[in-house]
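User: I would like to go through a structure with you, one topic at a time. Please keep the answers plain.

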Amino acid sequence: MKTNRNNQIWIKRNYENCSGCRRCEIACSLHHEGRIWPEASRIRIFMLIPGVEIPHLCFQCEDYPCVEACPARALSLNSKIGAINIDASKCTACGLCIEACSGNVPHLHPEGNYIVICDLCNGKPKCVKACQEGRWNTLMLIPRKKEVSYKTLAKKPQELTHEVAEQILGEETAKEVLG
Amino acid sequence: MMRGYAGKFLEIDLSSRNVKDTKFSDEVLRDYIGGRGLATKVLWDRLGRKWETVDPLGPENILLVLTGPFTGYFPGTKVCVSGKSPQSNGVIGSTVAGEFGVDLKCGGYDGLIITGKAEKPCYIFTCDSQVEIKDASPIWGKKARETLRFLVRKSIEEIKDVRPSYGEVKEPSVLYIGPAGENKTRVAAVVAKYAHGAGYGGYGGVMGAKNLKAIVAKGFGPVPDVYDKEKVIDLAQRFSEWNFEMERFRRWGTGGGGYFFGAETSSEPVRNWQNEWHDKESYKKEEFDKYWVKKNWGDFGCPTTCLKLAVLKTGRFRGAICDNPDYELEAYLGTNLGIFTPEENIYLSYVSNELGLCGIQGGAVLGFAAELYEKGILTKKDLDGIEPKWANVEAFTALAEKVAFREGIGDILAEGVYRAALKLGKIKGADLLKYAVHEKGVAIGAHGVRSGEDFIAKNIAYACSVQGGDHTSAASLPLDQGGELSSIMADSAVLCIFAAFGIEDNEKINFYEGLTGWKLTRKEWYKEKAPRILHLQRAMLLLGGPDAKWRPKLDDDNPLRFWEPLPSGPYKGKTLDRKKFDESRLEYFAAAGWNENGVPKPETLRKLGLEDVEAKLKDVALIK
């Protein structure tokens with residue numbers, strides 16, 4: 001699937017900066033669900049070990065394997081900004097998009113029987129705003145570049161936890177903590 | 001329909017393994033709110049009549065873990081742990097940060113009421129309405145890191161079994177105890193993450209006495225609906241923006257205190273409070289900064305993220321991780337033990353956290369032992385071969401292990417400074433109480449009163465508090481200006497006081513009305529609702545028992561050490577003025593509606609609708 005990436009955006013994440021405040025989850029769920037609902041947030045902070053908080057959200061792979069994998073055509077590309085849109089009425093909650101994603105990013109809505117994925121709030125992501133206004137700078141909005149393979153960044157929470165733990169705790173200590 | 005609350009509480013009897021939902025009427029919630037207030041009400045209703053016979057470390061005690069209507073909405077999140085305290089033998093509302101309260105509420109519960117005692121070590125697992133009492137034998141005896149790792153991994157797998165096609169499952173929240181709690185020490189905290197602790201009160205030991213290693217909570221629902229969403233979200237944003245500007249506090253947290261309270265205000269415990277002054281440059285905040293791998297660390301919804309994550313990556317203490325340490329731990333596991341280097345302080349904080357000790361109560365008892373050793377009252381032999389000289393990190397580490405596992409001398413020290421002083425005094429045939437810096441069994445927060453310069457604690461701060469040495473519930477006058485009645489608001493609402501600096505009562509009340517739709521005025525709070533909670537706490541504190549009992553007025557006094565003059569520093573020679581203290585105390589008693597001996601007056605109790613308290617205090621001859 002080829003798209004023109006002009007004007008498309010990407011949320012850069014600096015994992016080692018994440019304070020674990022989860023104000024991104026609050027902002028996201030307020031925007032999408034009209035209430036504070038951490039599990040329904042399209043960005044989720046995984047804290048598999050305290051101190052290593054991982055904001056986990058769509059990596060916007062260049063080939064959009066989740067869209068390709070959806071047998072119900074519930075997922076589509078918003079090529080203007082480079083985000084995934086979901087038609088919840090078409091989604092059968094089969095989970096194939098989760099399997100197709102190298103980061104296992106999509107998850108079921110906690111109460112509805114459909115998948116939720118970050119839609120970049122139609123170009124003005126609320127999570128980034130929440131992170132920036134508190135000056136944590138964990139999430140930054142940047143232009144989506146042609147020469148970058150975002151798919152290589154797409155990793156599961158456990159993998160990212162290992163990587164970031166080594167970075168901020170040191171290799172030996174990370175090993176001890178992770179067990 | 002109730003707003004701001006999930007609407008039900010989970011009640012678990014560990015003896016019978018019965019699990020049920022409990023509800024409170026709107027009237028009870030309107031009067032007692034949640035957290036500390038509601039805990040006090042539940043404890044009075046269920047145990048009040050026989051209070052003095054209830055052993056805090058026995059199966060009869062009730063452990064409460066309660067949120068409040070503010071949980072999940074007010075920026076920054078805490079949960080309040082309570083019960084009959086094995087330290088004060090009264091009620092202490094002890095708060096701890098983390099996502100636990102949010103997970104509980106998202107799972108449909110405002111709190112947990114835990115009674116009885118499990119036959120074998122267990123932990124409670126809740127995922128929405130699913131509640132299980134599970135076997136804790138694989139983690140019994142384990143320290144913090146291992147406990148948490150086991151529970152997080154196992155729980156994620158179990159949640160995946162319930163929601164097989166959900167996708168990646170995010171970890172649940174965990175409250176747990178370390179060996180110090182398991183062994184029923186009176187200096188153990190209820191812990192979240194690595195080093196977030198509900199320390200005051202000693203509820204880690206209460207969990208241990210119930211054979212309860214941990215509580216795991218996961219909630220998939222939204223935070224409960226509120227009465228006026230727009231108003232609540234709007235106010236929360238305004239409070240957050242206020243906090244965003246608290247630049248110094250965000251940058252340094254309370255971690256600047258380790259130098260400041262010693263050098264500037266002479267109110268930091270140094271070598272078991274023999275002094276409160278030091279000016280060690282090595283203990284400046286910039287020196288701690290070198291070990292912070294995260295300069296902003298926080299919990300759900302926090303705009304301030306005043307915590308810092310400290311890690312020792314190299315050197316002989318490599319592997320130590322802890323938050324900050326915050327000021328209290330800089331003091332109690334630092335200066336109070338004669339330690340003035342961040343690295344050693346971080347390491348000891350880590351040791352204390354791993355053992356599940358409360359940094360304040362545990363640190364206090366280590367300092368107490370070190371002074372007795374210095375004075376020759378405790379010998380190397382008494383201390384099982386350990387020589388706790390000031391600043392000897394290895395010796396303090398060894399002693400902390402003894403305390404947590406109640407081994408040898410640790411069995412006595414595990415009782416906390418007050419009880420250890422009594423026990424050792426008996427053995428040594430000496431009065432050792434002057435070395436025990438406590439208020440009603442609770443080691444004093446790291447804010448001394450002798451210089452008069454500390455901005456948290458003044459002369460009657462601890463002496464008149466219903467939570468004893470708890471510096472977050474300091475008594476002051478006038479009653480309606482930032483004293484204990486304000487602390488009761490914070491701990492009942494339940495909010496984080498560090499995210500509420502400078503936010504006016506009226507704004508908090510406005511927020512409360514937006515959450516619940518229930519009207520409240522400042523006057524109602526300070527003249528009626530908060531005093532009612534205060535009086536229940538005061539009554540249960542005076543009833544005490546079975547092992548400790550406080551004499552009104554006589555024991556409403558400062559620790560003996562606080563009457564000794566400061567030995568050095570800019571406030572050298574300064575101490576409390578006895579006459580002024582007596583006047584302030586009398587003034588406080590009068591303002592609170594107590595007689596000149598500190599006993600609640602019958603007419604005050606009647607005015608608050610606490611006739612049953614009056615009857616009980618008459619029964620035990622406190623009211624003649």
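**A cysteine in chain A**

Analyst: A:Cys58 lies in the loop between strand 3 (52-56) and helix 2 (65-69) of chain A. Please note that this is a predicted model.

User: Is A:Cys58 buried or exposed, and why?

Analyst: A:Cys58 is buried, because 25 other C-beta atoms lie within 10 Å, and the cut-off for a buried residue is 20 or more.

User: Which residues does A:Cys58 touch, leaving out those up to four places away in sequence?

Analyst: A:Cys58 touches A:Ile84, A:Val105, A:Ile117 and A:Cys118.

User: Now the contact of the two chains. How many residues does each chain give?

Analyst: Chain A gives 41 residues to the contact and chain B gives 37 residues. On the side of chain A that touches chain B, the elements giving two or more residues are helix 1 (23-33), strand 2 (44-49), strand 6 (107-108), helix 5 (157-169) and helix 6 (171-178) of chain A.

User: What is the make-up of that side of chain A by class?

Analyst: The side of chain A that touches chain B has 21 nonpolar, ten polar and ten charged residues.

User: Let us turn to chain B. What does the domain assignment give?

Analyst: The assignment gives domain 1 (1-245 + 479-558) and domain 2 (247-443) of chain B. Their centres, taken over C-alpha atoms, are 26 Å apart. Domain 1 of chain B brings 42 residues to the contact, and domain 2 of chain B brings 34 residues.

User: Which elements of domain 1 of chain B give two or more residues to the side that touches domain 2 of chain B?

Analyst: They are helix 4 (144-162), helix 5 (179-182) and helix 7 (229-244) of chain B. By class, this side of domain 1 of chain B has 20 nonpolar, 16 polar and six charged residues.

User: How many residues of helix 17 of chain B are buried?

Analyst: Helix 17 (residues 484-493) of chain B is mostly covered, with ten of its ten residues buried. Among them are B:Glu484, B:Asp491 and B:Ile488.

User: What do those buried residues pack against?

Analyst: The buried residues of helix 17 pack against helix 1 (26-32), helix 2 (35-47), strand 4 (78-82), strand 5 (94-97), helix 18 (505-516) and helix 19 (522-543) of chain B.

User: Take B:Ile488 as a case. What is B:Ile488 in contact with, neighbours within four places in sequence aside?

Analyst: B:Ile488, in helix 17 of chain B, is in contact with B:Arg36, B:Gly37, B:Ala530, B:Ile533 and B:Leu534. B:Ile488 is buried because 29 other C-beta atoms lie within 10 Å. Its C-alpha atom is separated by 10.0 Å from that of B:Ile33, 455 residues apart along the chain.

User: How do helix 2 and helix 19 of chain B cross?

Analyst: Their axes come within 9 Å and cross at roughly 50 degrees. Helix 2 and helix 19 of chain B are therefore oblique to each other, and their crossing is left-handed.

User: Which residues meet there?

Analyst: B:Gly37, B:Thr40, B:Lys41, B:Leu43 and B:Trp44 of helix 2 of chain B meet B:Ile533, B:Leu536, B:Gln537 and B:Met540 of helix 19 of chain B. By class, the residues of this contact are five nonpolar, three polar and one charged.

User: And at what angle does helix 19 of chain B pack with helix 22 of chain B?

Analyst: Helix 19 and helix 22 (residues 611-619) of chain B pack at an angle of about 15 degrees, with their axes 11 Å apart. Angles under 35 degrees count as roughly parallel, so helix 19 of chain B is roughly parallel to helix 22 of chain B. The crossing of helix 19 and helix 22 of chain B is left-handed.

User: Which residues make that contact?

Analyst: B:His535, B:Leu536 and B:Ala539 come from helix 19 of chain B, and B:Val613, B:Lys616 and B:Leu617 from helix 22 of chain B. The residues of this contact divide into four nonpolar, one polar and one charged.

Notes. Residues are numbered from 1 along each chain as its sequence is written. Chains are lettered from A and ligands numbered from 1 in the order in which they are written. This is a predicted model: local features need pLDDT of at least 70, side-chain atom pairs count only at pLDDT 80 or more; totals for chains, interfaces and linings use all residues. A residue is buried if 20 or more other C-beta atoms lie within 10 Å of its own, exposed if 12 or fewer, and partly exposed in between; C-beta atoms are placed from the backbone. Helices (H or I, at least four residues) and strands (E, at least two) are DSSP runs, numbered from the N terminus. Two residues are in contact if their C-beta atoms, placed from the backbone, lie within 7 Å. Domain bounds come from an automatic or database domain assignment. Ala, Val, Leu, Ile, Met, Phe, Trp, Tyr, Cys and Pro count as nonpolar, Asp, Glu, Lys and Arg as charged, and the others, Gly among them, as polar. Axes are lines fitted to C-alpha atoms, for helices over the stretch in contact, and angles run from 0 to 180 degrees between N-to-C directions. Angles under 35 degrees count as roughly parallel, over 145 as roughly antiparallel, 65 to 115 as roughly perpendicular and the rest as oblique. A crossing is left-handed if the near helix is turned anticlockwise from the far one by less than a right angle, and right-handed if clockwise.
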